[in-house]
Amino acid sequence: HPIDPRVDVQRKYPFLGRALPLTWIHFLSRFFPPLYISHITGLCSPGGSKAEGWLVACPFTPQRMMTLPTSVVYRKIVRTGQLAKKLGARLLGLGAFTHIVGDAGVTIDRCLDIPVTTGGSYTVVSALQAARAAADRLELSLSEATVAVVGAAGAIGRVSARLLARE
């Protein structure tokens with residue numbers, strides 16, 4: 001979903017992004033359809049499995065998601081999931097703020113005929129890889145380092161902290 005609505009609207013509609021007040025962009029976002037952003041290919045796991053995916057956007061900012069009725073936000077996220085399926089996706093990973101709204105994707109999952117995940121596992125794996133890469137660059141051994149996880153009280157931070165503690 002967009003973070004800076006003015007910049008994001010300007011990418012697709014340069015004049016509107018400059019001319020419209022932010023309040024109008026937020027209002028009009030209710031009527032914007034989900035957007036196809038890109039097709040991602042060439043993904044390969046260490047075991048050799050290959051995958052592809054599609055990046056699609058739900059046109060609500062986090063601020064807009066928190067101010068609109070949950071049912072309106074659900075409908076928009078479901079439409080975004082339907083676009084992903086139409087493109088060929090067999091799994092929908094809710095990213096950014098879309099998994100926080102409502103019930104962590106349970107309702108979205110019920111409304112789509114493809115499985116839905118919150119993407120939290122991917123975030124944890126990415127955070128652990130980044131911590132390991134940072135330790136390598138600093139020539140530190142994670143087993144001997146003191147590591148701080150900001151946000152360790154949340155689900156992603158808590159799992160990240162526990163997995164890092166094992167190392």
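User: Hi! What covers the buried residues of helix 5?

Analyst: Hello! In this predicted model, the cover over the buried residues of helix 5 includes strand 2 (50-57), helix 4 (62-67), strand 3 (92-93) and helix 6 (106-111).

User: Nice. And which residues of helix 5 are buried?

Analyst: The buried ones are V72, V73, Y74, K76, I77, V78, T80, G81 and A84.

User: How far apart are the end C-alpha atoms of helix 5, and what span should we expect?

Analyst: They are 26 Å apart. With 18 residues at 1.5 Å a residue, helix 5 should span 26 Å, so the two values agree.

User: What follows helix 5?

Analyst: That would be G88, which has a positive phi, near 125°.

User: Switching to packing: how many residues are in the largest nonpolar core?

Analyst: There are 20 residues in the largest nonpolar core, and F60, M65, V73, L92, I108 and L112 have the most contacts inside it. Helix 5 (residues 70-87) is the top contributor to this core, giving six residues. Another core, of six residues, lies apart from it; V124, L128, A131 and A135 are among its members.

User: One more, about S29. Where is it found?

Analyst: Look in the loop that runs between helix 3 (22-28) and strand 1 (35-44).

User: Is S29 buried or exposed there?

Analyst: S29 is buried, because its relative accessible area is 4%, below the 20% cut-off.

User: What does S29 touch?

Analyst: Leaving out residues up to four places away in sequence, S29 touches P59, F60, R64 and K76.

How values were computed. Residues are numbered from 1 along each chain as its sequence is written. This is a predicted model: local features need pLDDT of at least 70, side-chain atom pairs count only at pLDDT 80 or more; totals for chains, interfaces and linings use all residues. Side-chain values use heavy atoms; hydrogens and water are left out. A nonpolar core is a set of buried Ala, Val, Leu, Ile, Met, Phe, Trp, Tyr and Cys residues joined through side-chain atoms within 4.5 Å. Buried means under 20% relative accessible area, exposed over 50%, partly exposed in between (1.4 Å probe, protein chains only). Helices (H or I, at least four residues) and strands (E, at least two) are DSSP runs, numbered from the N terminus. Contact means heavy atoms within 4.5 Å. The expected span of a helix is 1.5 Å times one less than its number of residues.
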